[in-house]
Amino acid sequence: MRAPLDPDMFDEVCPSDLTPIRFGDKWAGMIIRCLEGGPRRFSELRVPLRGVTAKVLTRSLRKLAEDGLIRRDARAGRVEYALTPLGRSLLGPMEVACAWAREHWEELLDAREGVVPADGPGTRLGGGEPPPPSKGVARLVNHQS
């Protein structure tokens, strides 16, 4: 028997619309991570993905299956989702993208908030007031307070 998924395996700001690198839809990368350790039932996926509705999770799972990244296995009334070899091949590129985002997180935050780097020009691109923070930035800012 495999260990249950950790309910806190993802930061509460996940999925953040801050990162410019996406794999599939908003939830796809997190679903792929949940399936990294082996097949999972829908109810198991809901534990760490508590921010997604059942309808949206179903839609994301169907899209990942259509793209050949996961397979849906229904046996004796039990449905499980698992990574295909193609889906598993995304784990390496996802790790590289996550490492890049961790390394550049502060720069991404500053860019979204319209802050010009210290070595950059003296004015904000486009001038004027900064745009309102995105949902992911707002959650991150509130989380850190």
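Contact here means heavy atoms within 4.5 Å. This is a predicted model, in which local features need pLDDT of at least 70 and side-chain atom pairs count only at pLDDT 80 or more, while totals for chains, interfaces and linings use all residues. Residues are numbered from 1 along each chain as its sequence is written, and side-chain values use heavy atoms, with hydrogens and water left out.

Select Ser60, which lies in helix 3 (residues 54–66). Helices (H or I, at least four residues) and strands (E, at least two) are DSSP runs, numbered from the N terminus. Ser60 counts as buried because its relative accessibility is 2%; buried means under 20% relative accessible area, exposed over 50%, partly exposed in between (1.4 Å probe, protein chains only). Now show Asp25, Trp27 and Ile31: Ser60 is in contact with these residues, its neighbours within four places in sequence being left aside.

Three of them form an open antiparallel sheet in the order 1-3-2, where two strands pair if DSSP finds at least two bridges between them. Strand 1 (40–41) and strand 2 (70–75) are the edges, each pairing on one side only. Six antiparallel bridges join strand 2 to strand 3 (residues 78–83). Pick Arg75 to find its bridge partner in strand 3, Arg78.

Finally, show the whole protein chain. Seven helices and three strands are present, running α-β-α-α-β-β-α-α-α-α from the N terminus on. Of the 145 residues, 32% are buried.
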